[in-house]
Amino acid sequence: PKDTISPPGTGVLAGRIINACDDQGLRGATVIVDERTVVSDAEGSFRFPGIAEGGYEARIALPSYKVETLNVQIDSGRLENIEVKLWPDVVSEPEGHKLDVLFVVDNSGSMFQQQLTLADAAPAFLTLLKEKKLNLRIGVISTDLGAGDYGLPSCERPKGDDGALQNQPRYSSSCTVPFDPWIAVSYSEDRPIHNVGSGTAAEALTCIIPLGNRGCGFEQPLAAIRRALDPNHKINQGFLRDDAALAVIVFTDEDDCSVKNAHLFDPTQSGLNDPLGPLTSFRCFEFGVTCDTKGRQKGPRDNCKPTTGEGSMLLEVEPLIKELKDLKGDKGLFFGLIAGPSAPVEVHLDGSLPTLAPSCQTVNGYAVPPVRLQAAVDALALRGKSDSICATDLGPTMASIAHQIISTTLGNACKPPDPP
């Protein structure tokens, strides 16, 4: 195709880097052409503008994948578009490995229909894991840690669910639940053994994912993960295994609001000119995210990132992720996020009240940019993955997450075809 932007005598090289095993885009791949370097984005896409016409060698590299080189021809005024497949560097068979999966489900007032959409996708998630005959434990917790002793509506319990595993049906009283606080699946001579009675693991997961919509509207998924996996928090004792990889999957339409202390929820301050401002989720953004533009006024926000140091009233993201890494090591940990896109970030006014504009919207509701949660995903590079909660069918999303858990955390049986 023609390129009408580059200067005369130059062209554009663009394309996409994908995983050869599942055709999913690979973020963070380094593409080098003529001593110039770009890095692929979350979708695996990259773009080199203004390359002088001529022939070049392109080199594509990504940790845990084989380096790929190819020759490209750049013509003046033309766009050269390529697709590059990268193969895993180390091929191993994940069959029989142990994997603990923790779903962190937002159970606030806006989430019930989204929970049902996620529940419908549970079989797609488990299909590949069962094909690999993984020794599984799957638990579900909520994002509800309460809001201190203030007795706020929907946050009446000071500690909420306190990170406890949830294994009771809330949508259908007749559906299958596990005997234990978690779902367990293992194999004996290719025969599955599980703890869900006459049902299946997929039926049990479909049953316990919908947690309802009566949870606290100040969601604290990162702090809930910490509580759920704390070895000193005896309530989930026995779920986390020392010799198992860990996959955490957060499902929410909000950003994280894990507080250092509950003062952030003080209802005695609720005016627009009060230090804490109106008692809404915007407090979590204002006191937990830093952008180029500060304040409560309407308008876009650029270069947003989690606030660090004394300026934040929320727990810092980086130390929380470090705790998970210390628990499992880099290679034994995966962090998935199903939420709104992390950009664009824009403040709207609901009357005079500041609020975050949705970054995606469906008939089931909308989601706001999860700046803090996206930072958690980014901290794990290839072992992190974010997807949109606004997809009408989450089956492909959940299947893709299962693929990435296996390929980055448990090894990958996928390998290049033998040469002719």
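Helices α2 and α3 pack with their axes 9 Å apart, at an angle of about 145°. Keep in mind that this is a predicted model.

**Where α2 meets α3**

- The crossing of these two helices, α2 and α3, is right-handed.
- On the α2 side, the residues involved are Ala122, Pro123, Phe125 and Leu126, and they meet Ala201, Ala202, Leu205 and Thr206 in α3.
- Sort the residues of this α2 and α3 contact by type and you get seven nonpolar, one polar and no charged.
- Why give both an angle and a distance? Two packed helices are described by the angle between their axes and by how far apart those axes are.

**The buried side of α2**

- Which residues of α2 are buried? In this helix, which spans residues 122-131, they are Ala122, Phe125, Leu126, Leu128 and Leu129.
- Looking down the axis of α2, you'd find its buried residues within an arc of 160°, so they line one face of the helix.
- After α2 comes Lys133, which has a positive phi, near 55°.

**Strand β9 and its partners**

- Strand β9 covers residues 135-142, and seven of its eight residues are buried, so the rest of the structure largely encloses it.
- One partner of β9 is strand β8 (residues 98-105), and the two pair in the parallel sense over eight bridges.
- Within that pairing, Ile138 in β9 has Val101 standing opposite.
- How do β9 and strand β10 (residues 183-188) run, parallel or antiparallel? They run antiparallel, joined by three bridges.
- For Leu136, the bridge partner in β10 is Val185.

- Is Thr117 buried or exposed? Its relative accessibility is 14%, and buried means under 20%, so Thr117 counts as buried.
- Setting aside neighbours within four places in sequence, Thr117 is in contact with Asn364, Ala391, Thr392 and Leu394.

Notes:
Residues are numbered from 1 along each chain as its sequence is written. This is a predicted model: local features need pLDDT of at least 70, side-chain atom pairs count only at pLDDT 80 or more; totals for chains, interfaces and linings use all residues. Side-chain values use heavy atoms; hydrogens and water are left out. Buried means under 20% relative accessible area, exposed over 50%, partly exposed in between (1.4 Å probe, protein chains only). Helices (H or I, at least four residues) and strands (E, at least two) are DSSP runs, numbered from the N terminus. Two strands pair if DSSP finds at least two bridges between them. The arc is that of the directions from the helix axis to the C-beta atoms. Contact means heavy atoms within 4.5 Å. Axes are lines fitted to C-alpha atoms, for helices over the stretch in contact, and angles run from 0 to 180 degrees between N-to-C directions. A crossing is left-handed if the near helix is turned anticlockwise from the far one by less than a right angle, and right-handed if clockwise. Ala, Val, Leu, Ile, Met, Phe, Trp, Tyr, Cys and Pro count as nonpolar, Asp, Glu, Lys and Arg as charged, and the others, Gly among them, as polar.
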